[in-house]
Amino acid sequence: MPLTPDLLARDHAHLIHPLHDAAAHQSGHVWVRGEGAILIDADGREFIDGLAGLWNVVLGHRRRELADAARDQMTTLGFVSGYCGSSNPRAIELAERLAGLAYPAINRFFFTSGGAEANESAFKMARSYWKLRGQPGKAKVISRQLSYHGLTMAAMSATGIGGYWPLFEPRVPGFIHIPAPYPYQGETSPGTAYGIAAANELEKAILREGADTVAMFLAEPVMGVGGVIVPPDEYFPRIREICDAYDVLFASDEVITGFGRTGKWFALDHWAVAPDMMQFAKGITSGYFPFGGLGVSDRIAEVLDQGDGAWMHAYTYSAHPVGCAIALRTIQIIEEESLVVEASRKGAYLLDALRAHLGSHPHVGEIRGCGLMCGVEFVKDRATKTAFLPEERVGARIHAEAQARGLFSRIRGDVFVLAPPFVTPDPLLDRISEILASSTKAVLG
Ligand SMILES: Cc1ncc(COP(=O)(O)O)c(C=O)c1O
């Protein structure tokens, strides 16, 4: 007798889920175990974890080393305040470690329980920085359409995917969106012009709003939730120039891209650009503990240190010793197993496999990626790049077929996104491509 229906009925009686949708959840899974890149449900069925949990389980499931790190810390000191006047050795070690890994000017860290809190902390850091520097009017945040920055009120207001807003509006004022660089959809003729033009949207917005009202620009180096959108090479260098020219802080949301996902420790390194702030979460603990943070440049840290009185921002779980211990162990394993290089190699391998299996399909518009983050965009007409109608539910139907064949990931509209654990064996990457190809065939012929 399958166990899932009964578990789902009990689930429905008492749980409210993130992105709650009671009808959709009726065909949900109840996961009971994981092993490497494999998830096992309550009825013993195995699925490839195509998104490493939610882009975060970089080391794969059932890593005993992380459990040992948690147990050691919990049996020594399970919790202590990280508030001013109180610290712990794991937090100190982790901040030291991150200073060695992050962009050279970023050497000071504030820890949170996840990505949205990291972004909230960035907004508050930017506003306080300008206030402490005598420019209190610099308060606005510019981000991009299609971006995802989390769903607390301010992070939701920065998020540029409009579907997250309607039930919860009004949004926090002072959050502005510019178009994102989307080479596949936006580029009319390939070349340098598109990336520069896309970056210049930031300059236009700063001039429109007034540079003396803009605190910061926020961007994911590679957009994840929005559909794995990789910017043109010239985009971020031009963004950096614009931020410098108008005294706007540049915050890099590395919640997905951080800790190796794109084949670099941090993703702006692909373009030799450094931000003023970086937000991280997810991969830092391989998802085994809710943890994140904000790194700031020396320039920002100096202003903060010189502030008169306290910086009135805090979370109970900031610098949680268990989170810090798991983060330290995660980083150690990423280094010992050369997983940043592996993410780069496996990403190229997966992209090749996807192209081999799906590249010639008439409804596959683009197969793209950066490191071990890939997206397959389905379109109605490949020549004109015309999208399917939403009511055709093409992405959702391919997603359902993929699950029936043992691949579990997520879709954004008609983009199937993939970001498996860094330890996924090559044959499983081939299997992902085969499953996606046969699922596509089942839906689109
Ligand atoms: C780029 C980015 N920023 C922020 C977040 C929010 O993180 P959390 O869900 O931990 O609040 C996410 C989550 O997917 C993300 O992808």
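Helix α6 (residues 115–132) contributes three residues to the shell around the ligand, the most of any element. Helices (H or I, at least four residues) and strands (E, at least two) are DSSP runs, numbered from the N terminus. The model is predicted, so local features need pLDDT of at least 70 and side-chain atom pairs pLDDT 80 or more, while totals for chains, interfaces and linings use all residues. Residues are numbered from 1 along each chain as its sequence is written, and side-chain values use heavy atoms, with hydrogens and water left out.

The ligand is surrounded by 13 residues. Here a residue is near a molecule or strand if one of its heavy atoms lies within 4 Å of it. The closest are Gly115, Ala116, Asp253, Ile256 and Lys282. By class, the shell holds five nonpolar, five polar and three charged residues. Ala, Val, Leu, Ile, Met, Phe, Trp, Tyr, Cys and Pro count as nonpolar; Asp, Glu, Lys and Arg count as charged; the others, Gly among them, count as polar.

A polar contact is a pair of N or O atoms within 3.5 Å. Within protein, one atom must be able to donate a hydrogen and the other to accept it, and residues adjacent in sequence count only if both atoms are side-chain atoms. A polar side-chain atom of Asp253 is 2.7 Å from a nitrogen atom of the ligand. Lys282 places a polar side-chain atom 3.0 Å from an oxygen atom of the ligand. Tyr148 takes part through its backbone: one of its polar backbone atoms is 3.4 Å from a ligand nitrogen atom. On its own the ligand exposes 390 Å², and the protein buries 80% of this area. Accessible areas come from the Shrake-Rupley method with a 1.4 Å probe; for residues, only the protein chains shown count as cover.

Attention now turns to a sheet. Four strands form an open sheet in the order β1-β2-β3-β13, with mixed pairing. Its edge strands are β1 and β13 (407–408), each of which pairs on one side only. Two strands pair if DSSP finds at least two bridges between them. Strands of a sheet pair through backbone hydrogen bonds, either parallel or antiparallel.

Strand β1 (residues 31–35) pairs with β2 in the antiparallel sense over four bridges. Arg33 has Ile40 in β2 as its bridge partner. The two strands form a hairpin with two residues between them, and Gly36 in the turn has a positive phi of about 60°. β2 also pairs with strand β3 (residues 46–49), again antiparallel, over three bridges. Here Ile38 has Ile48 in β3 as its bridge partner. This second hairpin has four residues between its strands. Gly44 in its turn has a positive phi of about 80°.

Strand β2 (residues 38–41) is covered on both faces. Ile38 and Ile40 are buried on one side, and Leu39 and Asp41 are buried on the other. Buried means under 20% relative accessible area, exposed over 50%, and partly exposed in between (1.4 Å probe, protein chains only).

Four further residues were examined one by one. Gln403 sits in helix α14 (residues 394–404). Gln403 counts as buried because its relative accessibility is 17%. Its side chain makes a polar contact of 2.5 Å with the side chain of His29. Leaving aside neighbours within four places in sequence, Gln403 is in contact with His29, Phe47 and Phe408.

Thr213 is found in the loop between α9 (192–209) and β7 (214–219). With a relative accessible area of 19%, Thr213 is therefore buried. Its side chain reaches the backbone oxygen of Gly210 at 2.8 Å. Not counting residues up to four places away in sequence, Thr213 touches Gly137, Lys138, Ala139 and Lys140.

Cys370 lies in the loop between β11 (364–369) and β12 (374–378). Its relative accessibility is 9%, so Cys370 counts as buried. Beyond residues up to four places away in sequence, Cys370 touches Val222, Val230, Arg261, Thr262 and His270. Cys370 and Ala419 are 49 residues apart along the chain, with their C-alpha atoms separated by 10 Å.

Leu354 belongs to helix α13 (residues 339–358). Leu354 counts as buried because its relative accessibility is 0%. Apart from residues up to four places away in sequence, Leu354 touches Gly359, Ile367, Cys374, Val376, Leu418, Ser433 and Leu436. From Leu354 to Ala211 the C-alpha distance is 44 Å, and 143 residues separate them in sequence.

Note on methods
Contact = heavy atoms within 4.5 Å.
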